[in-house]
Amino acid sequence: MQKMPYNIVIFLAVVSAIILLMLTFIFFMTITYRKRQNILQHSIERIKLDNEKVLLNSQLEIQEQTFQHISREIHDNISLSLTLAKLNLHTFDWENRKRSADKIAASIDLLTSSIAQLSDISKSLDADIITHHGLLEALEKEVNRIRKTGLFELKFVISGSPVYMESQRELIIFRIIQEAFNNIIKHASASAVGLELFYYEQKLVVNISDNGKGFDQTNRENKNQAGLRNMETRTKILSGEMNICSRPGTGTSLTFNIPLV
Amino acid sequence: MNIQGLVFNLQRTYFTEVVLFLIEIIAILIWAIYAPKNKISYLFFLYITFDLLILIINWILILQYTSPEIKKIFINITNTLVALFELFVYNTFFKQTLINTWIKKWSRYSFIFYSLITVSYTIYSLCHKSSLNSYLAYSVGALEFILLLPPCLVFYYQILNLSVDINLQKRPSFWIVTGIFFYSIISIPYYLLTTYISLIKHEYKYIYEATLFYLPFTINFIFLIKAFKCKKCLTI
């Protein structure tokens with residue numbers, strides 16, 4: 001009988017120890033889990049913020065490009081056409097009817113061409129071209145714009161069944177291609193450029209190649225590096241892969257594998 | 001009816017069997033009210049019900065003045081069956097909860113391995129009557145819990161590294177794994193030392209049984225109740 005209370009004490013002590021141990025374990029797990037959740041939440045927010053920054057930068061850069069293009073168009077073409085029309089009207093000879101008729105006809109042609117170019121410019125001011133018309137139409141316009149410069153021959157090929165992606169993804173893809181063209185214009189000295197879009201079931205493969213002077217990929221001081229890094233960052237945002245193949249004197253080929261979803 | 005004998009038996013283990021019985025009843029009720037009804041959920045229900053039935057039958061055997069030999073055979077058979085079913089239920093749970101493919105394979109093959117060990121031991125114990133049989137029986141019992149430990153550890157690693165936007169206390173899988181984890185950790189020394197305690201330290205046998213067998217078993221069911229009350233799929 002005297003042993004009973006002692007045994008009960010041992011029993012209660014062991015029970016308390018086990019329960020305490022378990023509660024400590026649960027408490028520790030809860031704290032650690034919460035910490036990990038917070039860290040993960042912060043990193044997700046940081047990635048979202050970075051992605052938003054890249055998207056915003058892409059939009060601003062497209063706008064900037066558009067404005068530069070408009071400025072060039074106005075300066076190189078419209079301004080010239082209007083100046084010539086003004087000159088024609090300024091040198092209008094009331095005495096010489098035939099010559100005057102020719103000058104009026106020429107002025108009308110110049111004004112008509114200026115109006116058409118202004119109409120094109122107003123359409124290109126539509127910054128939401130990708131949202132409204134999609135990537136392919138935006139690329140057609142960009143390709144046509146570059147072809148007009150006459151800097152190089154530009155071939156544009158689309159294979160497979162094109163699909164519409166989310167406008168943000170298409171915007172980033174458009175910006176990547178625009179960046180690649182900018183690099184070719186600035187650095188490649190190419191005479192022929194190819195842009196190919198291959199639509200597969202699960203992915204889009206974009207290939208931009210030129211027959212320019214190429215570059216040494218291992219040279220860290222290469223002027224292209226910043227532009228290439230930009231393209232790589234944007235490709236990663238799309239969960240894609242970028243491959244560069246270039247050697248001095250043999251041209252450059254950029255390939256982007258981008259998942260469709 | 002041997003009511004006095006039953007009360008004496010329950011008193012020896014500080015009524016932890018009674019607490020276990022009540023907790024199992026509550027677990028079944030909570031399951032019926034809160035738990036989502038799917039395959040895993042039904043398996044846990046069967047596990048609790050099976051164990052409750054064995055507990056009740058054990059009490060009936062005590063009430064009916066059943067001979068110790070028959071009780072021993074009953075305990076041996078039911079312990080084996082419970083262990084097998086328990087391992088099956090928890091391995092099925094782990095296969096659906098864990099992402100790691102290796103541990104999923106472990107869950108599958110450990111059940112097959114344990115089944116073979118159990119069958120071998122059963123055949124051996126039927127053919128050979130020796131004092132070693134009791135020790136072997138408890139060793140086989142300990143093996144079940146040793147096999148359940150790795151998936152528990154992998155689960156804790158998984159929840160700390162693959163975060164989900166759910167409070168830990170609202171995740172049913174956390175409660176289920178914590179229950180079986182503690183039950184396993186405490187049961188391993190219990191099963192390995194119980195023969196020694198019974199032979200050498202007989203006076204501590206019932207404290208040992210109450211604190212290291214019935215108590216963790218009860219706590220396991222309390223955690224199952226908590227898991228059911230989360231009202232979510234048990235593998236979340």
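**Entry 1: a helix pair in chain B**

I began with α4(B) and α5(B), which are roughly antiparallel to each other. This is a predicted model, so I keep that in mind throughout. I looked up the angle behind that label: the axes of α4 (residues 68–97) and α5 (residues 101–127) of chain B cross at roughly 170°. Angles over 145 degrees count as roughly antiparallel, hence the wording. The two axes come within 9 Å.

Next I asked myself which residues make the contact. From α4(B) I noted B:Thr80, B:Ala83, B:Leu84, B:Leu87, B:Phe88, B:Asn91, B:Phe94 and B:Lys95. α5(B) brings B:Lys104, B:Ser107, B:Ser110, B:Phe111, B:Tyr114, B:Ser115 and B:Thr118. Sorted by class, I have seven nonpolar, six polar and two charged residues in this helix contact.

**Entry 2: where chain A meets chain B**

I then turned to the interface. Chain A puts 21 residues into the contact, and chain B puts in 29. About 2300 Å² is buried between the two chains, with 77% of it on carbon and sulfur atoms. Which residues of chain A lose the most area to chain B? They are A:Phe11, A:Met22 and A:Tyr33, and together they account for 28% of what the chain A side buries.

The side of chain A that touches chain B divides into 15 nonpolar, four polar and two charged residues.

**Entry 3: polar links across the interface**

How many salt bridges are there between chain A and chain B? I wrote down zero. Polar contacts do turn up, though: I have six residue pairs across the interface, both partners at pLDDT 80 or more.

Methods
Residues are numbered from 1 along each chain as its sequence is written. Chains are lettered from A and ligands numbered from 1 in the order in which they are written. This is a predicted model: local features need pLDDT of at least 70, side-chain atom pairs count only at pLDDT 80 or more; totals for chains, interfaces and linings use all residues. Side-chain values use heavy atoms; hydrogens and water are left out. Contact means heavy atoms within 4.5 Å. Buried area is the accessible area (1.4 Å probe) that two parts lose on being put together, summed over both. A salt bridge is a side-chain nitrogen of Lys or Arg within 4 Å of a carboxyl oxygen of Asp or Glu. A polar contact is a pair of N or O atoms within 3.5 Å; within protein, one must be able to donate a hydrogen and the other to accept it, and residues adjacent in sequence count only if both atoms are side-chain atoms. Ala, Val, Leu, Ile, Met, Phe, Trp, Tyr, Cys and Pro count as nonpolar, Asp, Glu, Lys and Arg as charged, and the others, Gly among them, as polar. Axes are lines fitted to C-alpha atoms, for helices over the stretch in contact, and angles run from 0 to 180 degrees between N-to-C directions. Helices (H or I, at least four residues) and strands (E, at least two) are DSSP runs, numbered from the N terminus. Angles under 35 degrees count as roughly parallel, over 145 as roughly antiparallel, 65 to 115 as roughly perpendicular and the rest as oblique.
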